[in-house]
Amino acid sequence: SQFKGKGVYYDDSCDGQCGNGREGELNSWIANGKRCNSDYDCSLAGICTPQGQCQCDPWAEGVDCSYLKFQPVDKARLGYLDEQHTSWGGSIVQSANTGLYHMFISEILCKIDSRKRCGLSAWQTHSRIVEATSTQVDGPYTRLKQVLPPEHHNPSVHISPTTGHWHLFTIGGSTGPIERMVSTDEGKTWSHAITISPEQNPGPLLMSDGSTRLFFRGDGMDIPSPTCSDEGISMQVCPVENEPCHPSNGLPIISHTGEDPSVFVDHRGNYHMMFNALPYKCVPKFDQGGHAWSKDGIEWSTPRTGAFDTTIQFTDGTSMKCERRERPQMVLDKDRMPLALISAVTGCPRALGEGESVWKSNPYKGGDDSFTLIQKMGA
């Protein structure tokens with residue numbers, strides 16, 4: 001069952017008892033005088049002005065800047081919607097040499113080669129990592145090659161701030177372990193994969209001292225009640241790139257169930273985590289986008305649930321509502337300002353917002369078929 005409107009959760013979907021988060025009804029500082037006192041009151045995604053109002057960065061909105069602000073999606077630039085293969089999320093880096101965007105995607109092979117786009121059912125055994133490129137961050141992306149064979153899933157690629165090398169993190173099975181590969185030539189060749197953690201759902205953050213903070217999903221965690229799942233997000237430290245990480249203490253770092261963590265540091269040096277705040281048995285999942293914030297990446301806010309939802313607005317004025325939107329990963333520009341959100345969607349209408357008419361170039365089948373959506377941030 002879903003949350004019942006009790007507790008301290010910032011949740012838009014708890015039987016209408018949580019208030020309107022976008023209007024600030026969930027924030028204590030709104031109730032206590034309607035003046036912010038610090039940038040933390042503005043979710044570290046904006047600044048608190050001398051007048052006590054939050055001035056949000058271009059990628060954020062809401063009275064407290066905790067919600068993601070998107071541009072409408074151009075249907076010619078959906079991200080990665082391959083004619084042959086279903087996909088379930090990806091991760092992007094930009095080449096310093098060519099300016100091309102390289103996306104590493106979890107692509108699901110059909111059990112029968114002749115079938116096209118056979119959905120998510122085989123993800124635990126038939127997921128592989130492929131690479132695609134585009135001149136624009138939101139696509140369309142052209143598929144280049146397979147990078148890792150089945151079973152590999154959950155790709156997360158990052159550029160080292162110390163060496164400029166590309167680091168690709170994946171899981172080598174449906175529940176882990178987490179592996180890391182390194183490329184010194186922008187993805188032309190890769191080192192052998194090294195197992196660095198027995199965990200799953202890697203959300204790595206590469207630090208300036210050469211270490212990695214590896215955020216991940218843990219199961220069977222003690223999540224404060226009320227909760228609809230015992231999945232939670234934890235973190236471990238990996239001192240160097242070619243050795244395993246230190247063991248985690250197994251404790252959740254945010255007071256809410258979650259999976260699929262993805263952490264970035266913004267242009268002010270603040271930390272933000274995007275994640276799936278309504279995993280597994282938590283239904284419905286329409287408001288499953290989670291956002292938590294931190295000044296140091298150690299102590300985290302109570303997260304905003306519903307920071308992004310499963311409704312996608314298009315540039316032609318139409319929209320679509322999907323059943324699930326997971327695997328969020330943020331792409332930053334060169335100034336560390338959020339540029340676009342990558343996510344995996346499924347349960348979308350087959351026509352993708354076109355009403356009854358299915359456009360001829362659309363290979364999406366609806367149902368449990370899925371694809372990797374990229375939506376640009378800001379107005």
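## A covered strand and its partner

Let's start with strand β17 (residues 232-238), which is mostly covered, with six of its seven residues buried. Buried here means under 20% relative accessible area, exposed over 50%, and partly exposed in between, using a 1.4 Å probe and protein chains only. Helices (H or I, at least four residues) and strands (E, at least two) are DSSP runs, numbered from the N terminus.

The structure is a predicted model in which local features need pLDDT of at least 70 and side-chain atom pairs count only at pLDDT 80 or more, while totals for chains, interfaces and linings use all residues. Residues are numbered from 1 along each chain as its sequence is written, and side-chain values use heavy atoms, with hydrogens and water left out.

Strand β17 pairs with β16 (residues 212-218) in the antiparallel sense, over seven bridges. Two strands count as paired if DSSP finds at least two bridges between them. Within this pair, L214 sits opposite Q236 of β17.

## A four-stranded open sheet

Elsewhere, four strands make an open sheet in the order β7-β8-β9-β10, with antiparallel pairing. Its edge strands, each pairing on one side only, are β7 (86-94) and β10 (142-148). From one strand to the next the twist averages 30 degrees; the axes behind such angles are lines fitted to C-alpha atoms (for helices over the stretch in contact), and angles run from 0 to 180 degrees between N-to-C directions.

Strands β8 (residues 101-108) and β9 (residues 127-134) run antiparallel and are joined by eight bridges. Here M103 stands opposite A132 in β9. Strand β9 also holds R128. At 10% relative accessibility, R128 counts as buried. Not counting residues up to four places away in sequence, R128 touches H85, I105, S106, E107, L109, R143, Q146, L148, P149, P150 and H152, where contact means heavy atoms within 4.5 Å.

## Nonpolar cores

A nonpolar core is a set of buried Ala, Val, Leu, Ile, Met, Phe, Trp, Tyr and Cys residues joined through side-chain atoms within 4.5 Å. The largest one has 19 residues, and W59, L68 and M330 have the most contacts inside it. Both α1 (28-31) and β21 (304-308) supply at least two residues of this core.

Leaving aside neighbours within four places in sequence, M330 is in contact with W59, L68, S262, F264, M274, P338, A340, L341 and M377. Apart from this core lies another, of 14 residues, including M207, I254, V265 and F275.

## Disulfides

With a disulfide taken as a pair of cysteine sulfur atoms within 2.5 Å, the count comes to seven. One of them joins C36 and C48, whose sulfur atoms are 2.1 Å apart. C36 lies in the loop between α1 and β2 (46-48) and C48 in strand β2, so this pair ties together parts that are twelve residues apart in sequence. The torsion about its S-S bond is about 100 degrees, so the disulfide of C36 and C48 is right-handed. C36 counts as buried at 5% relative accessibility, and C48 counts as buried at 19%.

Another disulfide links C110 and C118, with 2.3 Å between the sulfur atoms. Its S-S torsion is about -120 degrees, so the C110 and C118 disulfide is left-handed; both C110 and C118 are buried. A further disulfide joins C238 to C245, S to S 2.0 Å, and this link is right-handed, with 75 degrees about the S-S bond. C238 is buried at 0% relative accessibility, and C245 is buried with a relative accessible area of 11%.
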